[in-house]
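My plan is to look things up one by one and write down what I find.

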Amino acid sequence: MTTTVDTCEFRIVSPQYPTWDAYVERHTKGSIFHTSAMIDVFRRTRGLEPHAYAATDADGNIVAMLVSCHVKTLNQLAAMSSRAVQYAEPLCNSDPVGIAALTQLVRKADQGLRMRALFSEVRSICEPGPEKEVLERCGYQHRDFINYVVDLQQGREQLWKSLHKRMRQKIRSTLRRGIVLRDDNTREGVTRLYSLLQASYGKAHIPLADRELFLNTLERLPAEQVRIRTAFKDDEPVASIISLIFRDRVFSWYGGTLRLNGISPFACIVWDDMAWAAENGYAFYDFGGAGWASKDYGPRRFKAQFGGEEVCYGRYWMPYSQVRLSIAEWAYGVSRLLGVWSHAKRG
């Protein structure tokens, strides 16, 4: 398909395009969430429908790219319960051609999802750039969202010193109580991870992605890009974390834990993940988000104790229907009050 935008012609291509991953690898903001392998993970997971496009110029070179997921909570009522999520900001060349191409991709994605989802959200993982201009031009609002990024190049010893004193005490105390940490990149490891995620997400009364997402991630991504670690107490799993690795960045993706009196297994496993990343030559540890700047958020207080830099790259948001969104927000509030998500996807 050939389209004209601002006098430029672009061909829209899919993730099977030969230079798709090369563009992701080359782009300064390229992430694991843009790769064809991760798009395949999304495609194979129930409740996720990827909408991934790139625009090429007259010479066949990719100049812009967008990966959005239609996240469906209830398939029968998708238009009332689903959202479109970009787990990383869209990519483009920082010249007029790239900006024009990305404008076309954003409009194409919105057109395809407008009647099928409540809203679209873009979760930035880098400093805003030309994509901000495009998204705002297309009607998206930029909102302040906090994250923490740890510079791993300071080395393990300095990383330890950078932890909040109370966090160091928790880790020492927990390790003395016999917590054992193990690599868990197996199907059984995914089962342990998912059980602990259910415990954490259920307690917070928020929905959790299907177990298939984590199995597909383990089986479809290159082995060196996925790391599952589980903490055991008396041979019982008590905390688990899955991190995604791309170029020089380790991205803390999902984590779950039991709440145990007097010990903090999740603190231990996060520190272990950071230390491993530093020792293996990675440059940054990304906590994957720490909440809206205007709201108090317990996980933010936890993440802040690991010595990372607080950044506010924000998120972009656009409602597709204010009426449908208002009804859905009311229904979601009731479902949380009734504890519906505490029992979702168990068994």
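Residues are numbered from 1 along each chain as its sequence is written, and side-chain values use heavy atoms, with hydrogens and water left out.

I started with Cys-126. Is Cys-126 buried or exposed? Its relative accessible area is 17%, so Cys-126 is buried. I found Cys-126 in the loop between β7 (119–123) and α5. Helices (H or I, at least four residues) and strands (E, at least two) are DSSP runs, numbered from the N terminus. Next I listed contacts, meaning heavy atoms within 4.5 Å. Leaving out residues up to four places away in sequence, Cys-126 touches Lys-29, Glu-89 and Tyr-313. I also checked Ala-88, which is 38 residues from Cys-126 along the chain; their C-alpha atoms are 8.3 Å apart.

**Other cysteines.** Cys-268 has 2% relative accessibility, so I noted it as buried. Cys-312, at 34%, is partly exposed. How many disulfides are there? I took a disulfide as a pair of cysteine sulfur atoms within 2.5 Å. By that rule I counted zero.

**Confidence.** I then turned to pLDDT, the predictor's confidence in each residue, from 0 to 100. The mean for the protein chain is 89, and 88% of its residues reach 70 or more. Residues 1–5 fall below 50; beyond near neighbours in sequence, this stretch has 14 contacts in the model. Residues 334–347 are also below 50, and that stretch has 25 such contacts. I keep a caution here: where pLDDT is low, the predicted coordinates should not be read in detail.

**Nonpolar cores.** A nonpolar core is a set of buried Ala, Val, Leu, Ile, Met, Phe, Trp, Tyr and Cys residues joined through side-chain atoms within 4.5 Å. Which residues have the most contacts inside the largest core? I wrote down Phe-33, Phe-214 and Trp-253; this core has 42 residues. Strand β4 (residues 62–72) gives the largest share, five residues. Setting aside neighbours within four places in sequence, Phe-33 contacts Met-38, Phe-42, Val-67, Tyr-87, Ala-88, Leu-244, Phe-251 and Trp-253. Apart from this core lies another, of 30 residues, including Trp-271 and Tyr-285.

**Helix α8.** I checked the length of α8 (residues 187–204), which has 18 residues. The expected span is 1.5 Å times one less than the number of residues. That gives 26 Å, and the end C-alpha atoms are 26 Å apart, so the two agree. The buried residues of α8 are Gly-189, Val-190, Leu-193, Tyr-194, Leu-196, Leu-197, Gln-198 and Gly-202. What covers them includes α9 (211–220), β11 (226–233), β12 (236–246) and β13 (249–257). After α8 comes His-205, with a positive phi near 60°.

**Salt bridges.** I counted 24. My rule was a side-chain nitrogen of Lys or Arg within 4 Å of a carboxyl oxygen of Asp or Glu.

- I looked at Lys-72 and Glu-49, whose closest N and O atoms are 2.9 Å apart. Lys-72 is in strand β4 and Glu-49 in strand β3 (residues 48–56), so the pair ties together parts 23 residues apart in sequence. Lys-72 is partly exposed at 24%, and Glu-49 is partly exposed at 21%.
- Glu-133 and Arg-137 meet at 2.9 Å, N to O. Both lie in helix α5 (residues 130–137), four residues apart, about one turn of the helix.
- Glu-279 and Arg-156 pair at 2.7 Å between the closest N and O atoms. This pair links distant parts of the chain, with Glu-279 in helix α10 (residues 265–279) and Arg-156 in helix α6 (residues 156–162), 123 residues apart. Glu-279 is exposed at 51%, while Arg-156 is partly exposed at 41%.

Definitions and conventions. Predicted model: local features only at pLDDT ≥ 70, side-chain atom pairs only at ≥ 80, totals over all residues. Buried < 20%, exposed > 50% of the residue type's maximum accessible area, 1.4 Å probe, protein only.
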